[in-house]
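My notes follow, in the order I looked things up.

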Amino acid sequence: KGTLNVTAGLGGMGGAQPLAITMNGGVALIAEVEEWRIDKRLETKYLDEKFLDIDEAIDKALEYKEAGTTRSIGVLCNAAGR
């Protein structure tokens, strides 16, 4: 609860990570290189938001953490951030 969790990959079992983090009161920031995987997790409600810019996604995740808001963000980028 109240944590910011950063991970990569929304395929297979990784798709459940954002839901598990938000169910426990945290903020999830998930990097994914395939946009369709982000969209799929949005459709199934395993993910709350999508960003195409890593800097915007980081700012929003930090804002949610500071506010104590439970939220999950998928960002289109590789695990190195670009």
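**Entry 1: a helix across the sheet**

I started with helix H3 (residues 54-67), which lies across E1, E2, E3 and E4 and runs at about 170° to E4. A note on names: helices (H or I, at least four residues) and strands (E, at least two) are DSSP runs, numbered from the N terminus. For the angle, axes are lines fitted to C-alpha atoms, for helices over the stretch in contact, and angles run from 0 to 180 degrees between N-to-C directions.

Before going on, I wrote down the ground rules. This is a predicted model, where local features need pLDDT of at least 70 and side-chain atom pairs count only at pLDDT 80 or more, while totals for chains, interfaces and linings use all residues. Residues are numbered from 1 along each chain as its sequence is written, and side-chain values use heavy atoms, with hydrogens and water left out.

**Entry 2: the sheet**

In which order do the strands of the open sheet stand? I read off E1-E2-E4-E3 for the 4 strands, with parallel pairing. Two strands pair if DSSP finds at least two bridges between them. E1 and strand E3 (49-51) are at the edges and have a single partner strand each, so one side of each has no neighbour in the sheet. On average, neighbouring strands here are turned by 20° against each other, direction ignored.

Helix H2 (residues 35-43) also packs on the sheet, where it touches E2, E3 and strand E4 (71-76). Its direction makes about 160° with that of E3.

**Entry 3: strand by strand**

I went through the pairs next.

- E1 (residues 4-8) and E2 (residues 27-32) are parallel and share 5 bridges. Leu4 sits opposite Val27 in E2, and Thr7 has Ile30 in E2 as its bridge partner.
- E2 and E4 run parallel, joined by 6 bridges. Leu29 has Ile73 in E4 as its bridge partner.
- E3 and E4 run parallel too, with 3 bridges. Phe51 stands opposite Val75 in E4.

**Entry 4: the core**

Which residues make up the largest nonpolar core? I listed 11: Val27, Leu29, Ala31, Phe51, Ile54, Ala57, Ala61, Tyr64, Ile73, Val75 and Cys77. Such a core is a set of buried Ala, Val, Leu, Ile, Met, Phe, Trp, Tyr and Cys residues joined through side-chain atoms within 4.5 Å. Buried means under 20% relative accessible area, exposed over 50%, and partly exposed in between (1.4 Å probe, protein chains only).

E2, H3 and E4 each give two or more residues to this core, and H3 gives the most, with 4 residues. Apart from it I found another core, of 6 residues, among them Leu10, Ile21, Ala28 and Ile38.

Leaving aside neighbours within four places in sequence, Leu29 is in contact (heavy atoms within 4.5 Å) with Leu4, Asn5, Val6, Thr7, Ala57, Ile58, Ala61, Ile73 and Val75.

**Entry 5: salt bridges**

How many salt bridges does a search of the whole structure find? The count is 6, each being a side-chain nitrogen of Lys or Arg within 4 Å of a carboxyl oxygen of Asp or Glu.

Lys50 and Glu35 meet in one, at 2.8 Å, N to O. Lys50 is in strand E3 and Glu35 in helix H2, 15 residues apart, and the pair links distant parts of the chain. Lys50 is partly exposed at 31% relative accessible area, and Glu35 is partly exposed at 33%. Glu35, Asp39 and Lys50 are linked in a network of salt bridges.

Arg71 forms another with Asp48, where the closest N and O atoms are 4.0 Å apart. Arg71 lies in strand E4 and Asp48 in the loop between H2 and E3, so this pair ties together parts 23 residues apart in sequence.

Glu34 and Arg37 also meet, at 2.9 Å, N to O.

Last, I looked at Lys45, in the loop between H2 and E3. Lys45 has a positive phi of about 65° although it is not a glycine. Is Lys45 buried or exposed? Lys45 is exposed, with a relative accessible area of 66%.
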